[in-house]
Amino acid sequence: MPRLILAILALELMILVHELGHLIVAKRVGIAVHAFAIGFGPKLLAFTRGETTYSLNLLPLGGYVSMAGEDSDTSSPDVPPERRFRSKSVAARLAVVCAGPVMNFLLAIVLLAGIAMAYGMPGQVGTTIDKVYPGYPAADAGLKPGDVIVAIDGRPMRDGNEMIRLIHASGDRTLAIVVERNGTRFMVHVPTKYDPQQRVWVTGFIPVVSRTRLDPVRAVGWGILTTGRDLGAYLSALWNLAVSHQLLGQLGGPVTAVNVLGQAAQAGGETFLYFTSFFSIIIGLFNLFPFPALDGGRAAFLVVEGLRRRPLDPRREGYVHLAGLMLLLCLILALTVRDVMHPIHLNLP
């Protein structure tokens, strides 16, 4: 139960910072905001401050910021025209729309910076065993934390990366591993086990990784570089899945997100923070897709408006976004059903 609570809180945090991005920039450019909500459905908690009602709702599947004049130029007649969404420049509205995904990326940077300060930045991989997982061949063969891998199949192991590559590519066979323990060397024979999720062969141990704790400035820099690198990697992976027609088959819904975050929480604080940063980046990317009802879809309409140099018909745009929202809800429902029928289990070793 505690890991489930942590997983839900992590998702709520991602939603909160996303909607805060829209709220902060909307107020900054002078747009009247009627409501700021986390979740949908009946209100659990609510209060009004100024012109905005803030609420926490029952269904934690998203959130929204309701702005004056968002749907049409004539909506919110009690709000002065200059404070309505559609009265603002295209650049100002683009800033409001894109602020949510940007905040998700910033959250990932903050989380990764926290990892670099609290746990240290991962550095060189060694040949000393850090963890051995029960039920895997390494544990069955008697390997223990602190053992040093000297050689595999007669090949000396000089660094951990070489050792990992050799094991991952070993195939379905038994490895002859020379181990040093307390100054004594001996040989053990360790079969490999195929990991279908990582698509590599494993033995079930993790080597020691040297770590360097960073000061706040360098930690933020590392968080920025890592987030940028991950963004590129995720975009490349999504593109490959799309062109191979496997994207829908690999998508997961809210149940998968909670399940994976819960398992990550059980694995430890660092793993939990890494997976939270991963999902925050994915949420930011997903919302930037140029699909109706998403931030990216609204941004696409604004770009077209800027190129045409005249407003689009808000009523027609509203119909397109409504249709997109219906499709998204159907997709989320289908993914939720599939997630419940076929839950994902992380193979963290």
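Analyst: A crossing is left-handed if the near helix is turned anticlockwise from the far one by less than a right angle, and right-handed if clockwise. The model is predicted, with local features requiring pLDDT of at least 70, side-chain atom pairs pLDDT 80 or more, and totals for chains, interfaces and linings using all residues. Residues are numbered from 1 along each chain as its sequence is written, and side-chain values use heavy atoms, with hydrogens and water left out.

User: How many helices and strands does the protein chain have, and what makes a run count as one?

Analyst: The protein chain has 10 helices and 10 strands. Both are DSSP runs numbered from the N terminus, a helix being H or I with at least four residues and a strand E with at least two. Along the principal axes, the C-alpha atoms fill a box of roughly 85 × 45 × 40 Å.

User: Why is H1 called oblique to H7?

Analyst: The axes of helix H1 (residues 2-28) and helix H7 (residues 254-267) cross at roughly 120° and come within 8 Å. That angle makes H1 oblique to H7, because under 35 degrees counts as roughly parallel, over 145 as roughly antiparallel, 65 to 115 as roughly perpendicular, and the rest as oblique. The axes are lines fitted to C-alpha atoms, for helices over the stretch in contact, and the angles run from 0 to 180 degrees between N-to-C directions. In handedness, H1 passes H7 in a right-handed crossing.

User: Which residues of H1 and H7 meet, and how is the contact divided by class?

Analyst: Among the residues in H1 are Leu 4, Ala 7, Ile 8 and Leu 11, and among their counterparts in H7 are Ala 257, Val 258 and Leu 261. By class, the contact of H1 with H7 has 12 nonpolar, three polar and one charged residues. Here Ala, Val, Leu, Ile, Met, Phe, Trp, Tyr, Cys and Pro count as nonpolar, Asp, Glu, Lys and Arg as charged, and the others, Gly among them, as polar.

User: How do you know whether Val 258 is buried or exposed, and what is it in contact with?

Analyst: Val 258, found in helix H7, has a relative accessible area of 18% and is therefore buried. Buried means under 20% relative accessible area, exposed over 50%, and partly exposed in between (1.4 Å probe, protein chains only). Leaving aside neighbours within four places in sequence, Val 258 is in contact (heavy atoms within 4.5 Å) with Leu 4, Ala 7, Ile 8 and Leu 11. The C-alpha atoms of Val 258 and Ile 5 are separated by 9.1 Å, although these residues are 253 apart along the chain.

User: What makes H2 and H9 roughly antiparallel to each other?

Analyst: Helix H2 (residues 90-118) and helix H9 (residues 295-308) pack at an angle of about 165°, their axes being 9 Å apart. The two helices are therefore roughly antiparallel. H2 passes H9 in a left-handed crossing. Residues that meet include Arg 93 and Leu 94 in H2, and Asp 295 and Arg 298 in H9. The residues of this contact divide into seven nonpolar, one polar and four charged.

User: Why is the pair of Glu 51 and Arg 83 called a salt bridge?

Analyst: The term requires a side-chain nitrogen of Lys or Arg within 4 Å of a carboxyl oxygen of Asp or Glu. Glu 51 and Arg 83 meet at 2.9 Å, N to O, and form such a bridge. Glu 51 lies in the loop between strand E1 (33-49) and strand E2 (52-67) and Arg 83 in the loop between E2 and H2, so the pair ties together parts that are 32 residues apart in sequence. With 38% relative accessibility, Glu 51 counts as partly exposed, as does Arg 83 at 28%. The structure holds 11 salt bridges.

User: How do you know whether Asp 230 is buried or exposed, and what about Arg 229?

Analyst: These two residues form a salt bridge, with the closest N and O atoms 3.1 Å apart. Asp 230 has 13% relative accessibility and so counts as buried, whereas Arg 229, at 55%, counts as exposed.

User: What is noted about the phi of Asp 153, and where is Asp 153 placed?

Analyst: Asp 153 has a positive phi of about 55° although it is not a glycine. Asp 153 is in the loop between strand E4 (148-152) and strand E5 (155-156). With 37% relative accessibility, Asp 153 counts as partly exposed.
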